[in-house]
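This report is meant for a reader who is meeting the structure for the first time. Please look through the sequence and the model before reading on.

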Amino acid sequence: MSAPYIQIDRVAQTFRTKRGNFPALRDISLTVQQGEFVTLIGHSGCGKSTLLNLIAGLTRPTEGVLLCAGREIAGPGPERAVVFQNHSLLPWLTCFENVYLAVERVFSERENRAALRERTQAALALVGLTHAAAKRPGEISGGMKQRVGIARALSMEPQVLLMDEPFGALDALTRAKLQDELLDIVASTRATVVMVTHDVDEAVLLSDRIVMMTNGPAATIGEVLSVDLPRPRDRVALADEPRYQATRKAVIDFLYTRQGHVEKAA
Amino acid sequence: MVSAVFHAPLDASASAPTAASPPTPGGPATVAAAPAAARATPDTAATALPWRERAGWFWRVGLPPLLGLGLLVVVWSLIAGNGASGIPTPQATWVHALDIFADPFYQAGPNDQGVGWNVLSSLQRVATGFGLAALVGIPLGFAIGRFDFLSRMFNPLISLLRPVSPLAWLPIGLLVFKGANPAAIWTIFICSIWPMIINTAVGVQRVPQDYLNVARVLNLSEWKVFTRILFPAVLPYLLTGVRLAVGTAWLVIVAAEMLTGGVGIGFWVWDEWNNLNVASIIIAIVVIGLVGLLLELALVKLASLFTYEEVKA
């Protein structure tokens, strides 16, 4: 439970643009334990997604090293599944086929077709979408699409689940429902999760630790806050919990008091 | 982007009136009380509605095209006069058309065949030339879109050759293939290959990064990336290229056949001109237009079957 799983060591990321180099991240060092739920929070443009892409292996850092299970992250891999901000389902495939594509890639060498189909069905059942298996993404709601995206990521039985503002585009009620589902799923699969968010309540409700980032350019980790709340967590009961409120206050204080001048700085 | 967007030719005219007509609440009584509202009913419900609404539908949707055609015939009659100027009157042309279409598939020697055979020969040339162009152009478009090196290598060539009238290639075709028919097909090949290369390449370059990220995260094989992501994502662009190519090919075949002879609608136009049979030429113009329209409609229909919503949330 407490083995360091993802290690980020003095990572910096600089993008080359037409107007010269743009330093997005500097001096990022962070260790994520196995089974831990970590959220990255910060104002928009602070490089949260950039950091997540680095862990996913979609981009390479300009400086520093990222390790996953002791090995350097050299590219994307199925052990680090990504749930994208805009679901990124393939519109010409049904929900079933979208998930099956991932299942097939990871398990087809070891399992026969019936087992692969079973895995796909199980992943869709996990997010409560068995009935929508034959539908195309264009025929289902935004919340359902995001759930298919989560099912696709979970179906690969990843060691790490990387989520880039997965519920950002959803309405508040759907978001709360999916957060609760995610809590249950994570409790049962004991996956390591790194999630990008800009929602304070979401961060406090879901995380073991909240990584708060300073404003860009050249953003870095401002503070790491442990969320000392027992699991399973219930959003209604937590509303009156003093420790919840204290944690929430600490995050808000960081975001709006100490890092609040995002417009003036930019 | 402009060349890669679908436009159904009828869309613009059909969508304007429907967009301006929200469904009227209330029954026929409301409509009768407010005559202005009768014009604002959706045309889909026209069949089962009172005569007043049907008249409204006719007024908005049925009448304008008829007026347009009527105007054409009136202008034509004015120009033709009594037919003495050489341009036949609409009636004379109509009578001649009945005669021609009474037996469109007669055969009286190699240079005297029915209009049906002529159209079919032209379509066959277009199909062959276009098919060969698709075989070469689509894979080439994929390669150019996928690899920057190839894109830089071929772009100057394409930019140089694309503006050239395909008919300028006809003598080269005659020289190389030693025959009129293959030379005409070669001309069609040349004119239809550019839109297919360019649209396919643009389509490949425009595949959303999100889809490619999915492919990278899932670590899909090159074959899966092609069949599950690249090809479906490019298909709408590709079909736009096909539509432009077929449209151009149908324009060019008439001119090519005028030069090469043989059986074909273009040759038929030229032959009838040599016979000073102007009514036949007018009929040929209408036939060429109708066939072009049908090709266009069929390809738009085909394209709409393969168009999916974009990934953007």
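## Two crossing helices

In which hand, left or right, does α2(A) pass α3(A)? In this model, which is predicted, the crossing of α2(A) with α3(A) is right-handed. The axes of α2(A) and of helix α3 of chain A, which covers residues 113-126, come within 9 Å and cross at roughly 125°.

## Overall build of chain A

Chain A contains nine helices and 10 strands. Its radius of gyration is 19 Å, close to the 18 Å that the globule rule gives for 266 residues, so chain A is as compact as a globular protein of that length. Taken along the principal axes, the box filled by the C-alpha atoms of chain A is roughly 55 × 45 × 35 Å.

## The six-stranded sheet

One open sheet of chain A is formed by six strands in the order β6-β7-β8-β3-β9-β10, and its pairing is mixed. The strands at its edges are β6 and β10 (221-226) of chain A, each of which pairs on one side only. On average, and with direction ignored, neighbouring strands of this sheet are turned by 15° against each other.

Within this sheet, strand β3 of chain A (residues 37-41) and strand β9 of chain A (residues 209-213) run parallel and are joined by four bridges; L40(A) stands opposite V211(A) in β9(A). Helix α4 of chain A, residues 142-155, lies across β6 and β7 (160-164) of chain A and runs at about 180° to β6(A).

## The four-stranded sheet

Another open sheet of chain A has four strands in the order β2-β1-β4-β5, with antiparallel pairing. Its edge strands are β2 (20-33) and β5 (71-72) of chain A, and each of them pairs on one side only. Strand β1 of chain A, residues 4-17, runs antiparallel to β2(A) and is joined to it by 10 bridges, with T17(A) standing opposite G20(A) in β2(A).

## Backbone details

Most residues other than glycine have a negative phi, and most peptide bonds are trans. R10(A), a residue other than glycine, has a positive phi near 45°, and R10(A) lies in strand β1 of chain A. The peptide bond from R231(A) to P232(A) is cis, with omega near -5°, and P232(A) is found in the loop between β10 and α7 (235-238) of chain A.

## Where the chains meet

The contact between the chains takes 20 residues from chain A and 17 residues from chain B. On the side of chain A that touches chain B, β6 (80-83) and α2 (95-107) of chain A each supply at least two residues, and the largest share, three residues, comes from α2(A). By class, this side of chain A has 13 nonpolar, six polar and one charged residues.

How values were computed. Residues are numbered from 1 along each chain as its sequence is written. Chains are lettered from A and ligands numbered from 1 in the order in which they are written. This is a predicted model: local features need pLDDT of at least 70, side-chain atom pairs count only at pLDDT 80 or more; totals for chains, interfaces and linings use all residues. Two residues are in contact if their C-beta atoms, placed from the backbone, lie within 7 Å. Ala, Val, Leu, Ile, Met, Phe, Trp, Tyr, Cys and Pro count as nonpolar, Asp, Glu, Lys and Arg as charged, and the others, Gly among them, as polar. Two strands pair if DSSP finds at least two bridges between them. Axes are lines fitted to C-alpha atoms, for helices over the stretch in contact, and angles run from 0 to 180 degrees between N-to-C directions. A crossing is left-handed if the near helix is turned anticlockwise from the far one by less than a right angle, and right-handed if clockwise. The radius of gyration is taken over C-alpha atoms; the globule rule is 2.2 Å times the number of residues to the power 0.38.
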